[in-house]
Protein chains: 2
Amino acid sequence: MTLTPARTMPGVLELLPLEQIAFQDMLDTIRRNFERFGFLPVETPVMEFADILLTKQGGETERQVYFVQSTGALEQGEKPDLALRFDLTVPLARYVAEHEHELGFPFRRYQMQRVYRGERAQRGRFREFYQCDIDVIGKDSLSVRYDAEMPAVIHSVFRDLGIGPFQIQLNNRKLMRGYFESLGVASEQQMLVLREVDKLDKRGADYVRETLTGPQFGLAHEAAARIMAFVEVRSTSFDDACAKLDALDGCGELFEQGRAELKDVLGLIRAFGVPESHFALNLSIARGLDYYTGTVYETHLLEHPQIGSICSGGRYDNLAGHYTKSHLPGVGISIGATRLFWQLREAGLLGPATSTVQVLVTQMDETQLPAYLELATQLRNGGIATEVVMEPGKLAKQFKYADRAGIRFVVVLGSDEIAKGTVAVKDMRKQDQFEVPRTELVKTLRVELEQAAAMARAGRG
Amino acid sequence: MTLTPARTMPGVLELLPLEQIAFQDMLDTIRRNFERFGFLPVETPVMEFADILLTKQGGETERQVYFVQSTGALEQGEKPDLALRFDLTVPLARYVAEHEHELGFPFRRYQMQRVYRGERAQRGRFREFYQCDIDVIGKDSLSVRYDAEMPAVIHSVFRDLGIGPFQIQLNNRKLMRGYFESLGVASEQQMLVLREVDKLDKRGADYVRETLTGPQFGLAHEAAARIMAFVEVRSTSFDDACAKLDALDGCGELFEQGRAELKDVLGLIRAFGVPESHFALNLSIARGLDYYTGTVYETHLLEHPQIGSICSGGRYDNLAGHYTKSHLPGVGISIGATRLFWQLREAGLLGPATSTVQVLVTQMDETQLPAYLELATQLRNGGIATEVVMEPGKLAKQFKYADRAGIRFVVVLGSDEIAKGTVAVKDMRKQDQFEVPRTELVKTLRVELEQAAAMARAGRG
C-alpha cells in the first residue's frame, strides 16, 4: 500500500506529551485564577455563520478567515456560509446578544479556546492558537472600577505562572485623545496620529517625530514635541504616576475624564493588593485603535522585552452593536497562550518536564500481576496517578522507562515486601530509596507530592 | 444600522454559564481519571490535511466531512486541502506515525477535544461534539492485558461521575468470528452476518432470525438458532461468565483464541478491583465492524437503557497502516461527552447548578470598597473563588443576585464588623448565618467547601 506522509499543516503548534503537560499546566493556572476572580466559563462553537463573523471586521482580518463547507455544500458549489472564529470577542458579542435575557449583568465570563487565522506561514506566527480571555459586560453602563480588576487578575495569573518579573502598563484612550484635541489635532486626524504613535516602540521616536511634522500631518514642531513627551511618560510608583498625571498640560472635558479615570483605576489596583512594582503608566499604549475607548493595558516580561506584550486589553463602549440594540459596554483582557508558551520555550524559560504520572508500579514477577494491579488501585483511589508495567521485562529497563518518562516514584513489590506487608519505593528525583508499610504508602507519597507542588509554587511566586 | 440576528449553526450545544460549569466538571472528572491511570495528554490541530483524514474512511464518514479553505484559496477556486477532524482516532494515527521516534511505547495517551461531522440536523445529533478518548498503542505487539485496563478506567470514570448504576459489557471479535466459522458461515458472509447481529438491540430477534434464514444468507434454521443463542449470552457474575464461555459449542483456533483472551481479560478486570456487578459478557456486541479485531466494549446505564452505550471501544490490529510501515496494535475507548451531557440533562440526571464562584463580597458602604477588595484578595489567595460587588446597590438586591447566580456564601463587612475584626457570613445553601474573626474566615469557608465537595463525591459514589 502507498503510504500517505504523516504531517500537520504549517502554523500549528503540536506538542509531545511532556510539553503538552507543561502547556496544560499553564492553561490550568490561568483558568484557576480566572475562576478565583469570579469569572464564569463559556465555550462557543468553533464555527460561526460567516455573516456574524464578518459584520464588524474588514481588511486584514477578513482576508485571514477560514471558511468551512460540508461535503454536500462543496459539491453543489455553494458559497460557504460558515467560518472559523478568528478571536473570542466576536463570539462573545454574538453569545451575549443571543442569550441576553438568560444572563446576569454585569456578565463576567472567561473563555479559553483556540482561534484560527490564515496568517502567512512564518516562525512564531500561528494559524491555530489558544486565546484565554476574560471580559466584564455591563448592561447600559459599567463602572470604571471594573477596569481596575483586570490588572488584579493579570497580576495573579502571571505571579502563579512564575515566568519572571513582569509589569502591567496602563493608558487611557480618553486621556490620549483629549490631549491631542487640546493640541488642536483635528479629530479626523487623531486616529492617524494615534496609529503613528502606536509605532513608537517598533519604529523609534525619530521616525514618529518626522512623520508628525511631515506633509501628512503638518504639526508644528512644538505640538509634535508635546505629543512625543506625552507618549514617553512612564511611572515608577503609584505616587509618581499620580504626580505625572497631575503634571500633564492637557485640557478639555475628555482629557480630564481620562485623567480622573486613570487615577481612580490606579488607586483601586493598589487596593486590590497588586504591588506597586507591578503596574505603571505607559502613555504610549494605544492598542486596537478602532475598538478601545478608555483604559488600555499591556503586560511585559521585564527580563524579556523582545517578547512584547503577553496580555493586553482594554475598555470598549459597546460590545454587540451589530447584533442587538442593547448598549453593552465592557472591559476585557486576552492572553495568547500558544504564542506565550512557544516564546517561553524558545527563551528556555520552561521548567524541566514532569509527567502527570506520579508512580510506576513495576513488574518483578509476572505471576504477581494481580497484586500489582491491586496496589495500583490503592494508589489511584488515593488520588495518585499510577501506571502499571503490564508486560514482563527486566527491572532495570523498567526503571529506565520511568526515568525517561519523567515519572517520579518507582514502586517495587517483591515477595519479601509482600511477606512483610511493605513496599519498596525509589524516588527518582531525590535519588532516594525507602521502604514503607503498605498501609502508609498513599499517605507517604501524598506528603512528598504535596511538598513538591508547594515548593514549585513558592519557587515561582 | 441593520442588525445581524445573533444565532449559532444548528447541531451545536452551546451552554449557559451554570450548565457550562456542570459540563466542565464532567470533563474534569474524566480527565482526572484518565490521568490517574497514567495516560498522557495529547492535543492535535482541529484541521488535518484532507488526504490524511480521508485515506481510511469512505462512504458515510467522507460525506460528512467539513472542508476548510482560507479566503485566498477560496477566491482562487482551489479544491480544499484541509478538513476538520471527524474523530480522534485518525489524528492519533497520524500523530503516532509522525512522532513515532519521539514517543515511548506502549504509548498511553488521552485526548479530549471536539470533533466535527456534517450530520443531518436532528434532535440529539451533534455536528460539533467532544470526544474523550484513551488508547494504548504498542509497537509490534501489545499484551491482551491492556484490554483489561480499559474497563478499569471506565469503571473509575463513571463511578466518579455519579450518574447511576452502570455495567461494562464485553465481547471478543475473534470468539464471535470463530464461532461463525465453526457454523460454516463463509468468511465473506461473516461481516454481513455480524452487521445483522449488530441490529439485534434495535430491530429485535425475529427480524434478525428471518434475515439470517432468508434468501440473502440462506442459513439453516439450526445454524441461525445457534447464532441467535450465542448473541443472547449475558453473564451475571465472574464465575457465570467463565461457565458460559466454557459451555460455548464453537471450535477452531480463532474461536479458542477469543475464548482464552476473554477469560484472561475478565480475570484481570476483577484483579483491577472492578466489582463483579459492573462488568459482564454480552456476546451480541460487535461494534465498528471493519476496525476492531479482539475485545470490544460497551457501557450501559442500567436505569436508562434507552440512552444506549455511553462508552465504547475495543482492540484493533494496526493503528496507522496508512502512514507508517510500523505495526502498531492498540486498544482504546471513547466517551462522547457532549451527547452524554445532553442525554443526562434530557433525563433530568444533572444535579442542581452550582457556580464556580464560592463567595460574594457585598458592598454595604461605597467608601469601604478598598476594604472589600482587600477581603476578596485574602479569600482568593486562600484559594476561594470570590466575586466582589463593585457598584453600590441595595444589600437585599445583592443577596438576590448571589442566590440566582448559585453562589453559596455571601459576606458582609459593615462598620461593626470592621471595628470588631470580624466578618458576617450567610450560607445560602444551609440558610445559616454566622460571624467569624477575619483571620479565621478562609479556614472556616475552606472546611465548609471541602465538606460539601466530599459529600457530593460520596453521594455520587
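## A strand enclosed where two chains pair

Strand β3(B) is largely enclosed by the rest of the structure, because 5 of its 5 residues are buried. This is a predicted model. In such a model, where do the side chains of the strand go? Both faces of β3(B) are covered. On one side sit Y66(B), V68(B) and S70(B).

**Partners of the strand**

What does β3(B) pair with? One partner comes from the other chain. Strand β3 of chain A (residues 66–70) is joined to strand β3 of chain B (residues 66–70) by 5 bridges. These two strands run antiparallel. V68(A) has V68(B) as its bridge partner. F67(A) stands opposite Q69(B).

Another partner lies within chain B. Strand β4 of chain B (residues 82–84) is linked to β3(B) by 2 bridges, again in an antiparallel arrangement. Here F67(B) has A83(B) as its bridge partner.

Strands of a sheet pair through backbone hydrogen bonds, either parallel or antiparallel.

**The contact between the chains**

How many residues of chain B are in contact with chain A? The count is 81 residues of chain B, and they meet 81 residues of chain A. On the chain B side, the largest share comes from helix α1 of chain B (residues 17–36), with 6 residues. That side divides into 36 nonpolar, 24 polar and 21 charged residues.

**Chain A as a whole**

Chain A has 461 residues, and 43% of them count as buried. Its fold holds 18 helices and 16 strands. The C-alpha trace spans about 90 × 65 × 45 Å along its principal axes. Now take contacts in chain A between residues at least 6 apart in sequence. Of these, 69% join residues at least 24 apart.

**The sheet of chain A**

Chain A contains an open sheet of 8 strands with mixed pairing. The strand order is β1-β5-β6-β11-β10-β9-β7-β8. Which strands form its edges? They are β1 (40–41) and β8 (279–281) of chain A, each of which pairs on one side only.

Strand β1(A) is joined to β5 of chain A (residues 107–116) by 2 bridges, and the two run parallel. In this pairing L40(A) stands opposite R109(A).

Helices cover parts of the sheet. Helix α1 of chain A (residues 17–36) lies across β5, β6 (128–137) and β11 (330–336) of chain A. Helix α1(A) runs at about 160 degrees to β5(A). Helix α14 of chain A (residues 337–346) packs on the sheet too, touching β6 and β11 of chain A. The direction of α14(A) makes about 40 degrees with that of β11(A).

**Two helix pairs**

Two packed helices are described by the angle between their axes and the distance between the axes. The table gives one pair from each chain.

| Helix pair | Angle | Axis distance |
|---|---|---|
| α6(B) and α13(B) | about 45 degrees | 8 Å |
| α1(A) and α6(A) | roughly 145 degrees | within 9 Å |

Start with the pair in chain B. Helix α6(B) covers residues 145–161, and α13(B) covers residues 253–271. The two helices are therefore oblique to each other. Their crossing is right-handed. R145(B), D147(B), A148(B), P151(B) and A152(B) of α6(B) meet V265(B), L268(B) and I269(B) of α13(B). This contact has 6 nonpolar, no polar and 2 charged residues.

In chain A, α1(A) passes α6(A) in a right-handed crossing. From α1(A) come M26(A), T29(A), I30(A), N33(A), F34(A) and R36(A). From α6(A) come V153(A), S156(A), V157(A), D160(A) and L161(A). By class, the contact has 6 nonpolar, 3 polar and 2 charged residues.

**A residue in strand β6 of chain B**

Finally, take Q131(B), which lies in strand β6 of chain B (residues 128–137). Is Q131(B) buried or exposed? A residue with 20 or more other C-beta atoms within 10 Å of its own counts as buried. Q131(B) has 20 such atoms, so Q131(B) is buried.

Which residues surround Q131(B)? Apart from neighbours within four places in sequence, Q131(B) is in contact with D87(B), L88(B), Q113(B), V115(B), S334(B) and G336(B). L27(B) is 104 residues away from Q131(B) in sequence, yet their C-alpha atoms are 10.0 Å apart in space.

Terms used. Residues numbered from 1 in each chain as written. Chains lettered and ligands numbered in written order. Predicted model: local features only at pLDDT ≥ 70, side-chain atom pairs only at ≥ 80, totals over all residues. Axes fitted to C-alpha atoms, helices over the stretch in contact; angles between N-to-C directions. Helix = DSSP H or I, 4+ residues; strand = E, 2+ residues; numbered from the N terminus. Parallel < 35°, antiparallel > 145°, perpendicular 65-115°, else oblique. Left-handed = near helix turned anticlockwise from the far one by under 90°. Contact = placed C-beta atoms within 7 Å. Nonpolar A, V, L, I, M, F, W, Y, C, P; charged D, E, K, R; others polar. Pairing = 2+ DSSP bridges. Buried ≥ 20, exposed ≤ 12 C-beta atoms within 10 Å, placed from the backbone.
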